[in-house]
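Here is a short report on one protein chain. Keep the structure in view while reading.

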Amino acid sequence: MASFEVIGGTPLKGEIVPQGAKNEALQILCAVLLTSEPVTISNIPDIRDVNKLIELLRDMGVKVGKLAADTYRFQADAVNLDYLDSEQFVAQGRALRGSVMILGPMLTRFGKCQLPKPGGDKIGRRPMDTHFLGLEKLGGKLTLEGTDFYRIKAENGLRGTHMLLDEASVTGTANIVMAAVLAEGVTTIYNAACEPYLQQLCKMLVRMGATINGIGSNLLTIEGVASLGGTDHRMLPDMIEIGSFIGLAAMTGSEITIKDCQITELGLIPDTFRKLGIQLEFRGDDIFVPAQAHYEIATYLDGSILTVSDHTWPGFTPDLLSIVLVVAIQAKGTVLIHQKMFESRLFFVDKLIDMGAQITLCDPHRAIVIGLDKRNALRGISMTSPDIRAGVALLIAALSADGRSVIDNVEQIDRGYQFIDKRLNALGAQIRRI
């Protein structure tokens with residue numbers, strides 16, 4: 001198990017380029033299974049979860065060629081269906097939650113798929129009902145072996161239908177869309193997720209020959225086609241990294257320019273950080289964050305305490321609530337953080353309290369942060385990263401703290417952030433992998 005040794009208290013300065021979007025990558029990579037023709041994808045992040053998915057595709061028989069550091073060509077013209085019965089496939093599927101998104105492409109193209117219950121962050125219950133219910137409505141027949149091994153078949157092919165999703169699940173919507181593009185007839189998906197990453201998937205599928213209307217809305221209409229062709233696709237920058245770098249700059253009093261942000265795709269992220277008092281300047285498609293000695297949390301017009309909560313897109317993404325919570329520690333003012341979607345994502349606040357933060361955990365979903373206004377610095381401690389997003393939030397806290405911190409289990413952070421220690425050290429951070 002690797003750890004980060006962090007010496008905090010030093011402002012950073014410079015430019016940083018966000019990696020390609022992890023959450024988009026997991027969808028886009030699975031979509032290569034929908035065609036026998038070549039698909040070239042660029043701006044792929046070099047991170048653990050994405051690399052594991054590429055390895056899984058290769059082991060399934062997909063031809064994988066690396067054209068550049070961030071660019072791959074895939075061709076799924078000889079997929080080995082027997083590999084799905086191997087112990088190695090079971091182990092790979094369990095280790096990677098993103099593997100669930102092979103279900104839709106495999107079912108619609110080959111008529112069957114199977115998968116062990118995938119792993120992933122321990123951030124609370126993440127049921128896959130939306131995936132399976134949607135695939136069943138299209139004609140898939142699901143069986144459960146034991147408690148955690150799923151088999152799904154469509155011996156007579158999939159047929160379009162109307163469905164109302166019980167939740168606007170991003171990965172669930174992606175799975176259903178990928179299944180529907182090769183199904184016979186018309187599929188309408190109401191309460192569909194409409195995140196930029198899902199829009200990217202739909203646009204890529206359209207370039208491959210799919211017919212999808214309503215992209216960017218919560219009502220998608222898909223007319224199935226007989227086959228799809230190849231395409232080229234470039235992924236968006238990772239909005240979670242962008243938000244993390246904004247928070248890092250504010251918390252450490254640093255001057256940072258975040259390059260090539262695709263600002264129009266960031267939704268409420270910039271305005272949410274501005275509500276915390278953080279100054280942002282858009283310079284073309286770059287975001288400049290000036291060094292600030294202080295930043296003050298806004299209140300509502302009636303003077304009541306600001307609440308920052310997560311919601312389905314275009315609401316604020318749950319993946320940045322951990323960052324917002326940490327940034328609020330050194331703000332002037334008070335904020336209520338309400339994490340609606342996952343019941344375990346706020347449990348890392350005990351480490352922040354040990355560092356000197358003033359936080360009250362009201363229940364598994366809500367925490368009140370009383371800002372220190374940088375009157376007192378946090379102190380370095382030893383801690384463990386519980387998941388990807390909390391791990392980076394703790395890293396930001398450690399970089400702002402006085403003294404030495406040690407963060408264990410940084411493999412969690414590696415799953416979502418590309419060479420984060422080297423990239424931040426280039427800005428002046430002192431992070432050592434031990």
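Start with a pair of residues: Ser309 stands opposite His338 in β18. The model is a predicted one.

**A four-stranded sheet**

That pair sits where β17 meets β18, strand 334-338. The two strands run parallel and are joined by four bridges. They belong to an open sheet of four strands, ordered β17-β18-β20-β19, with mixed pairing. The edges are β17 (306-309) and β19 (359-363). Each has a single partner strand, so one side of each is left without a neighbour in the sheet. From one strand to the next, the twist averages 20°.

Helix α10 (residues 321-328) packs on this sheet. The helix touches β17, β18, β19 and β20 (366-370). Its direction makes about 160° with that of β18.

**Helix α5 and its cover**

Which residues of helix α5 (residues 129-137) are buried? They are Thr130, His131, Phe132, Gly134 and Leu135. An α-helix has 3.6 residues a turn, so residues three or four places apart point the same way. The cover over the buried residues of α5 includes α4 (103-110), β7 (141-145), β8 (149-153), β9 and α6 (170-180). After α5 comes Gly139, with a positive phi near 120°.

Strand β9 (residues 162-164) also holds Leu164. Leu164 is exposed, at a relative accessible area of 51%. With Tyr190 and Leu219, Leu164 makes a nonpolar surface patch of about 280 Å².

**A glycine in a loop**

Gly209 lies in the loop between α7 (196-207) and β11 (211-213). Gly209 is partly exposed, with a relative accessible area of 36%. Leaving aside residues up to four places away in sequence, Gly209 touches Val225 and Leu228. Val392 is 183 residues from Gly209 in sequence, and the two C-alpha atoms are 39 Å apart in space.

**Salt bridges**

Side chains of opposite charge can pair when their charged atoms come close. The structure holds 19 salt bridges.

| Pair | N to O distance |
|---|---|
| Asp77 and Lys63 | 2.6 Å |
| Lys259 and Asp286 | 2.8 Å |
| Arg433 and Asp421 | 3.3 Å |

Take Asp77 and Lys63, joined by a salt bridge. Asp77 lies in the loop between β5 (71-75) and α3 (87-95), and Lys63 in strand β4 (residues 63-68), so the pair ties together parts that are 14 residues apart in sequence. Asp77 is partly exposed at 37% relative accessible area. Lys63 is partly exposed too, at 44%.

Next come Lys259 and Asp286, whose side chains meet in a salt bridge. Lys259 is in the loop between β14 (255-258) and α9 (269-275), while Asp286 is in strand β16 (residues 286-289). The pair therefore ties together parts that are 27 residues apart in sequence. Is Asp286 buried or exposed? Asp286 counts as buried, at 13% relative accessibility. Lys259 counts as partly exposed, at 21%. The cut-off for buried is under 20%.

The pair of Arg433 and Asp421 is also a salt bridge. Arg433 lies in strand β23 (residues 430-433) and Asp421 in helix α14 (residues 420-425), so parts 12 residues apart in sequence are tied together. Arg433 is partly exposed, with a relative accessible area of 37%. Asp421 is buried, with 8%. Elsewhere, salt bridges that share partners join Glu5, Arg404 and Arg432 into one network.

Conventions:
Residues numbered from 1 in each chain as written. Predicted model: local features only at pLDDT ≥ 70, side-chain atom pairs only at ≥ 80, totals over all residues. Heavy atoms only, no water. Pairing = 2+ DSSP bridges. Axes fitted to C-alpha atoms, helices over the stretch in contact; angles between N-to-C directions. Contact = heavy atoms within 4.5 Å. Patch = residues over 30% accessible without salt bridge, like charges linked within 9 Å, V, L, I, M, F, W, Y side chains within 5 Å. Areas by Shrake-Rupley, 256 points an atom, 1.4 Å probe, with all protein chains shown as cover. Salt bridge = Lys/Arg side-chain N within 4 Å of Asp/Glu carboxyl O. Buried < 20%, exposed > 50% of the residue type's maximum accessible area, 1.4 Å probe, protein only.
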